[in-house]
Amino acid sequence: MCGIIGILGTNNASAELYTGLFAIQHRGQNGAGMYTSEGKDSVLKKDKGLIGEVFDESILEELEGSNGIGHVRYPTIGSNVEQDAQPFKIENPIEMGMAHNGNIVNYREMVEKYDLDLKSTCDLELILHVFAKELEKESEIDENALFVAAERTMDNLNGSYSVVTLIPGLGLFTFRDPRGIRPMVFGKKVNLDGTSFGVASENTVLDILGYKVLREVLPGEAILIKEDKSYQARQLKNEKTNHCMFEWVYFARPDSTIERINVYEARFRLGRELAKEWQKKNKKLDVVIPVPDTARTIALALAEELDLPYREGLLRNRYVGRTFIMPDQTSRETAVKTKLNPIIEEVKGKKIGLVDDSIVRGTTSKKLIKLMKNCNAEEVHFLVGCPPIVSPCYYGIDIPTQEELIAANRSIREIKKEIGADSLTYQNIDGLVKGIAKKKDQLCLACLDKEYPTKVREDIRDYFENMRRKERETVEGKKN
Ligand code: AMP
């Protein structure tokens with residue numbers, strides 16, 4: 001998962017991008033970058049690390065221009081190195097910089113088909129080259145050619161991609177995969193300085209920067225916003241949409257609204273639905289405690305529904321990043337310990353309902369249950385806002401290999417035993433869908449029901465598994 005922003009026509013694009021990227025730092029903590037332009041002049045700066053580490057005042061000053069795109073990176077596939085940081089830029093057939101959020105499933109096939117010699121393992125480099133090759137086929141590179149090239153790019157790519165492109169001297173060009181798997185919104189700001197446009201992964205970016213959100217960039221749509229501030233949108237593909245359910249469950253900010261569903265409200269409903277599952281168990285709890293931060297809303301709604309006290313029993317150290325962003329198991333385990341510390345008085349002698357948004361590998365739940373038991377909790381019942389995650393994600397979320405997923409080959413009873421809980425209650429798929437308040441067939445639930453919205457061939461699944469396994473071994477090898 002990554003975060004993207006595009007800005008056109010403001011006084012100082014890098015200042016807005018800097019503020020905007022902070023608003024989506026949660027979408028990726030591994031690398032950050034900006035590409036800005038004024039007329040035909042452009043500047044690209046990117047590196048590994050957090051926004052605050054990659055950019056300082058002098059770098060921002062170098063990033064001149066009233067237009068720009070920005071990116072925060074979260075690696076799923078591909079190694080964790082500088083050359084994979086985005087945006088990427090190309091000089092032919094015209095200069096342009098590009099950033100994206102998503103993951104391309106048919107990466108190898110495309111590299112072969114277009115005979116590409118890529119310098120990184122980042123699939124954005126692939127998207128950029130496919131788009132550029134398609135653009136090159138046009139006799140004249142004008143506005144129409146951009147849409148034609150985007151449509152052919154969509155014809156060829158299989159996967160998820162919300163893309164933002166800056167073409168110096170021309171404008172901002174953005175497109176979103178036909179399934180709309182990853183989010184992207186489009187907004188406008190009018191003030192005394194004039195009119196500017198923005199696109200971003202989450203509407204909160206635009207809200208914070210004072211842009212009015214006009215609408216989502218539609219699945220299969222491309223929008224060109226020109227330097228003269230006129231814009232045109234074309235619906236290039238019209239397919240069934242499949243928005244990733246995990247945006248509402250875990251990934252997006254609670255104050256964001258995705259596809260017209262506010263994330264906080266969705267999490268609240270998930271808590272209510274989860275309470276219904278718990279009620280079937282006929283067990284007693286003294287208190288509901290969330291695993292901070294994401295699960296707070298789910299736990300709050302659950303406690304309200306069950307008429308139980310809600311308490312903060314785990315203190316989150318806000319200076320430690322999201323557990324998953326750590327690229328290997330060893331650092332992930334250390335991170336859980338340094339990140340969450342129990343408030344013993346809230347735990348001791350109690351029957352606890354510990355609520356988390358999801359269980360992926362089981363690392364967090366296992367550690368926290370042990371921690372609570374060490375603080376003399378009488379019982380720890382684990383409740384999960386998301387149904388069992390049984391299959392990898394090929395569309396950009398770090399939901400890894402079958403062998404790493406705790407629910408892939410275990411029954412709920414076995415998972416309960418493995419994580420050391422007194423009971424384990426999962427949301428069911430209907431409860432999840434009700435909570436998100438979209439129709440089931442509008443969502444991508446592939447990690448829960450193995451129904452991938454695009455074709456993921458068996459050999460591609462094996463390739464991803466092997467690649468992830470190799471990456472894990474490399475990282476773990478380096479540590480030993
Ligand atoms: P795990 O410890 O592997 O079972 O992962 C579950 C924990 O990580 C939960 O506390 C979630 O809030 C968080 N989480 C779940 N999925 C992801 C993800 N794809 N990226 C980052 N964090 C995640």
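This is a predicted model: local features need pLDDT of at least 70, side-chain atom pairs count only at pLDDT 80 or more; totals for chains, interfaces and linings use all residues.
Residues are numbered from 1 along each chain as its sequence is written. Local features need pLDDT of at least 70 and side-chain atom pairs count only at pLDDT 80 or more, while totals for chains, interfaces and linings use all residues; side-chain values use heavy atoms, without hydrogens or water.

**Helix α9 with α10**
- Helix α9 (residues 263-279) packs on helix α10 (residues 296-306) at an angle of about 45°, the axes being 7 Å apart (axes are lines fitted to C-alpha atoms over the stretch in contact, and angles run from 0 to 180 degrees between N-to-C directions).
- Contacting residues (heavy atoms within 4.5 Å) include Phe-268, Leu-274 and Trp-278 of α9 and Ile-298, Leu-302 and Glu-305 of α10.

**Helix α9 with α15**
- α9 and helix α15 (residues 429-436) pack at an angle of about 150°, with axes 7 Å apart.
- The pair is therefore roughly antiparallel (over 145 degrees).
- Ala-266, Arg-269, Leu-270, Glu-273 and Lys-276 of α9 meet Gly-431, Leu-432, Lys-434, Gly-435 and Ile-436 of α15.

**Helix α6**
- Helix α6 (residues 143-156) has 14 residues and reaches 21 Å from its first C-alpha to its last, close to the 20 Å expected (1.5 Å times one less than the number of residues).
- Among the buried residues of α6 are Leu-146, Phe-147 and Met-154 (under 20% relative accessible area, 1.4 Å probe, protein chains only).
- The buried residues of α6 pack against elements including α4 (107-113), α5 (123-136) and β7 (159-167).

Technical notes
Helices (H or I, at least four residues) and strands (E, at least two) are DSSP runs, numbered from the N terminus. Buried means under 20% relative accessible area, exposed over 50%, partly exposed in between (1.4 Å probe, protein chains only). Angles under 35 degrees count as roughly parallel, over 145 as roughly antiparallel, 65 to 115 as roughly perpendicular and the rest as oblique.
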